[in-house]
Each structure stands twice: as structure tokens, then as C-alpha cells.
Amino acid sequence: MMTYAGKLTVKEKIIAYLSVERCASLDELSGALKIKKNELKVYLSMLAKEDIISRSWGIANGRKFMKYCLKEKVREAIGI
């Protein structure tokens with residue numbers, strides 16, 4: 001019988017962070033979760049394909065950036 005070791009997967013870490021922050025940029029996620037940007041992009045793409053997060057362009061300080069948000073239906077499903 002397998003037991004849970006108490007460690008979150010990368011996907012779970014992203015979902016947990018976005019459940020608190022609602023939306024975040026790649027830089028914010030990378031800094032907060034201590035995960036390399038290239039690895040994060042892979043997981044964020046998977047989560048977008050699974051319809052868990054949405055991606056959209058944002059503008060800050062005159063620069064465009066991709067922002068990642070936890071979808072409302074997911075927030076409701078986890079009780080936030």
C-alpha cells in the first residue's frame with residue numbers, strides 16, 4: 001500500500017499559489033515556487049489544456065506579459 005509523503009506536485013503547487021493570488025505572471029510564479037521558468041511553462045501549458053487555468057496578456061510598465069489565472073469553476077470546486 002502506498003502512502004502519501006506529504007509533498008505537493010508541481011501542478012498542485014501552481015494551483016495552490018493561484019488559489020491565493022488569483023493571477024500571476026511567469027516571473028511571479030517562478031520566484032514564489034522556486035521552479036525554473038522553462039519547467040513552469042510545460043506545467044502551465046498542461047494546466048491550460050486541462051482547462052484548469054486561463055492565459056491572457058497583461059501590460060505593466062509598458063511591457064506585455066502573459067498572466068496565468070485559476071479558472072472560476074476550479075476555484076468553486078475547491079471551495080475558494
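Reply: Two residues are in contact when heavy atoms lie within 4.5 Å. This is a predicted model, so local features need pLDDT of at least 70, side-chain atom pairs count only at pLDDT 80 or more, and totals for chains, interfaces and linings use all residues. Residues are numbered from 1 along each chain as its sequence is written, and side-chain values use heavy atoms, with hydrogens and water left out.

Start with leucine 29. Leaving aside residues up to four places away in sequence, leucine 29 touches Tyr17, Leu18, Ala24, Lys34, Leu40, Leu44 and Tyr68. Leu29 also belongs to the largest nonpolar core, which has 17 residues. A nonpolar core is a set of buried Ala, Val, Leu, Ile, Met, Phe, Trp, Tyr and Cys residues joined through side-chain atoms within 4.5 Å. Buried means under 20% relative accessible area, exposed means over 50%, and partly exposed is in between (1.4 Å probe, protein chains only). Ile14, Leu18, Leu29, Leu40, Leu44 and Ile53 touch the most other members of the core. At least two core residues come from each of α1 (10-21), α2, α3 (37-49) and β3. The largest share, 4 residues, is supplied by α3. In soluble globular proteins, nonpolar side chains tend to be buried together.

The chain has 4 helices and 3 strands, in the order α-β-α-α-β-β-α along the sequence. These are DSSP runs numbered from the N terminus: helices are H or I with at least four residues, strands are E with at least two. Of the 80 residues in the chain, 29% are buried.

Serine 30 is in helix α2 (residues 26-33) and has a relative accessible area of 14%. Its contacts, beyond residues up to four places away in sequence, are Ile35, Lys36, Lys37 and Leu40. Serine 25 is in strand β1, at 11% relative accessible area. With that same exclusion of residues up to four places away, serine 25 touches Phe65, Met66 and Tyr68.

A disulfide, meaning a pair of cysteine sulfur atoms within 2.5 Å, joins cysteine 23 to cysteine 69, with S to S at 1.9 Å. Cysteine 23 lies in β1 (residues 23-25) and cysteine 69 in β3 (residues 63-70), so the link ties together parts that are 46 residues apart in sequence. The torsion about the S-S bond is about 115 degrees, so the disulfide is right-handed. A search of the whole structure finds 1 disulfide.

Pairing requires at least two bridges found by DSSP. Strand β2 (residues 53-60) and β3 run antiparallel, joined by 8 bridges. Arginine 55 has tyrosine 68 in β3 as its bridge partner. The β2 and β3 hairpin has 2 residues between the strands, and in that hairpin asparagine 61 takes a positive phi near 55 degrees.

One ring interaction remains. The charged end of lysine 64 sits over the ring of tryptophan 57, 4.7 Å from the ring centre. That label requires NZ of Lys or CZ of Arg within 6 Å of the ring centre and within 35 degrees of the ring normal.
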